[in-house]
Structures are given as C-alpha cells and as structure tokens.
Amino acid sequence: MTQLLENKVCIITGGAGPRGIGKATARLFHEHGATVVIADLDAEKSREAAAEVAADRTMGVACDVTDKASCEAAVKAVMERYGRVDVLINNAGITQPLKTLEITPENYEQVTDVSLRGMLYMSQSVLPHMADQQGGAIVNTSSVSAQRGGGIFGGPHYSAAKAGMLGLAKAMAREYGQYNIRINSVTPGLIQTDITGGKLTDEMKTQILTGIPLNRLGDAQDVAKGFLFLASDLSSYTTGAVLDINGGMHMY
Ligand code: NDP
C-alpha cells in the first residue's frame, strides 16, 4: 500500500472518543505510515486511545483545546518527543441540541469555545513550527450544519461555530500559503459516532435519508478518508477549500 503520510507527525484533537471520527482518522493515518498523537481532554483516555491504535508511532497527550496554555503544552510535548509536527486535525467538538431561545450565554460559550477557540489556539500552537519546517497541513472539522443551518443534534450556536471555522480556515490559509502550509476544512453530514449513536429512531432515520442523495448515513471512515486526502500530498495544490463529506446533504 502507498504510505501517504510516511514520517509525518500528525496531531488529532478530540481523538479519544471510542467510536469517533478522530480515532478512525488516527487508525487510517497510522496505516499510512504516520506517527499519530491523540490530544484529548483526559491524559489517561488519550494515552489509552493511542495505545489502542498501535503500540508504536503513537502518543496520547492531555489537551483542552479551549485553553491556550494547554494547547501550547501539548504541542511542546510533541516537539520534545518527535521534533516536528506536520499535520493538525482540529477535530474536537461538542454539540447541544438546543433551539434559539434555549441557548444560554454558557451554552454559547461552551460550543463556540471548543470549535472556534480550539481551532485558533491549536493552530497558533503548531503554525510557528510548520513555518520553520516550510510545510504542513491543517484540516478543520466543520459540519454540514454550517452550510444548511440547524441539524438534529447541534443547535444554532453549533451552526454558527462551525460556519466560523470555515472563515477562520480561509483567512489562515491566505496568510500561511507562503510557508507551504495548507489549511482546509471538511463538512461532515450525519456520521454515526458517539455524538449521534443510539439517538436515532427508525422514523428519524427514514426522514433523514430523504435528504441524503447517497441514501445512507456516513461513518467515521468516510470522514477519515477525506482527512487523509487533505493532510497528504494528494491535495498538494489545495488550500482554503471545503470538502463536503455528507453524501450530498449540503445541496439541500
Ligand atoms: P466524539 O464525541 O466521538 O469526539 C469528540 C471528542 O472531542 C471527544 O473525545 C471529546 O471528549 C473531545 N473534546 C470535547 N471537548 C474537548 C476539548 N475542550 N478539548 C479537547 N477535546 C475535547 O464526536 P465525533 O467523532 O462525532 O465528532 C468529531 C468532530 O466532528 C466534532 O468536531 C463534531 O462536531 C464533528 N462533526 C460530527 C458529526 C457527526 O455526525 N458525528 C457531523 C459533523 C461534524 P469527551 O468525550 O471527554 O467530551
């Protein structure tokens, strides 16, 4: 098999969810030769998740993406161990199924902090190293709800945060293209993970499928494959782009 990420050090935030997109991405990247760092809230959980992916070329590190010092400490630990960072997948995210009038200031901050502050702080922590290396790739996990508004599991504040990520990605892509750093985003649709798993009734599923041209829900591997494309040299001339990984949901 072609090793698309051989010798690359890749950090994946929020990668410790047992069935999540981050873990599937870590597995796929590792298969492609990468050294994979899982950066999630809890140190032990991150280390266990990394060990589950593989015994070698993996590392688990505690990282609260809403806390700049925590992001910097995580990236410092990676630099001390591996001396470089080639790929950042900004994957950490939380949802709250609230309607507009239900959103409290705390709800707003919780959701936007993880998506937007998290993306900014982690990017700020890796960009100087990538610039020194004259190369790198950052991929951001937005959502189809950024394009369509709403969604089953995310409220309007989730849509706003995920839409904000697309703007932030484009602005950073303009700024860092000169260093051969590519910054792109994905907009997953309804992906069966811990965020969604077990919460869909058959009736909800039937209704959702009428809005998905590919007529199935996504799985974590569908998103991981998109990350692989945007993290690797396969997308060498792509930056500031949005890859729709949602079975066509974005067209509705
Ligand atoms: P998971 O819940 O499996 O993964 C999210 C991970 O992020 C969890 O391990 C969570 O930890 C972690 N996390 C939460 N807050 C922080 C933080 N402050 N710092 C670091 N890590 C944190 O969900 P998914 O795999 O489904 O989601 C991954 C991404 O994909 C998210 O950004 C989500 O918004 C996005 N997405 C998902 C879709 C879906 O249908 N599943 C659709 C579109 C986008 P803990 O469990 O301890 O809270």
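A: The largest cavity has a volume of about 30 Å³. The model is a predicted one. Its count of cavities of 30 Å³ or more comes to one.

Ten names make up the lining. Asn 90, Asn 91 and Ala 92 are part of it.

A backbone N or O atom of Asn 91 lies 2.8 Å from an oxygen atom of the ligand.

How many residues surround the ligand? There are 28. Asn 91 is among the closest, along with Asp 40, Lys 45, Tyr 158 and Thr 193.

Next, the open space. The second largest pocket holds about 270 Å³. It is lined by 16 residues, and Lys 8, Gly 136, Arg 182, Ala 231 and Asp 233 are the closest to its centre. By class, this lining has six polar, five nonpolar and five charged residues.

Now the cysteines. The disulfide count is zero. Cys 10 is buried, because its relative accessibility is 0%. Its sulfur is 16 Å from the closest cysteine sulfur, that of Cys 63, so a bond is ruled out by distance. Cys 63 is in no disulfide either. The nearest cysteine sulfur to Cys 63 belongs to Cys 71, 4.2 Å away, while the cut-off for a disulfide is 2.5 Å. Cys 63 has 2% relative accessibility, so it counts as buried.

Last, the aromatic rings. Such a pair is described by the distance of the centres and the angle of the planes. The model has one aromatic pair. It joins Tyr 176 and Tyr 179, whose ring centres are 5.5 Å apart. The planes meet at 40°, so the pair is tilted. Stacked would need under 30 degrees, and edge-to-face over 60. Are the two tyrosines buried or partly exposed? Tyr 176 is buried, because its relative accessible area is 18% and the limit is 20%. Tyr 179 is partly exposed, at 29%.

Technical notes. Residues numbered from 1 in each chain as written. Predicted model: local features only at pLDDT ≥ 70, side-chain atom pairs only at ≥ 80, totals over all residues. Heavy atoms only, no water. Phe/Tyr/Trp six-rings, centres within 6.5 Å; stacked < 30°, edge-to-face > 60°. Buried < 20%, exposed > 50% of the residue type's maximum accessible area, 1.4 Å probe, protein only. 1 Å grid on protein atoms, 1.4 Å probe; cavity = no way out; pocket = protein on both sides within 12 Å on 5 of 7 lines; lining within 4 Å. Points joined across faces, edges and corners; volume = space filled by probe spheres on them. Nonpolar A, V, L, I, M, F, W, Y, C, P; charged D, E, K, R; others polar. Near = heavy atom within 4 Å. Polar contact = N/O pair within 3.5 Å; in protein donor to acceptor, adjacent residues only side chain to side chain.
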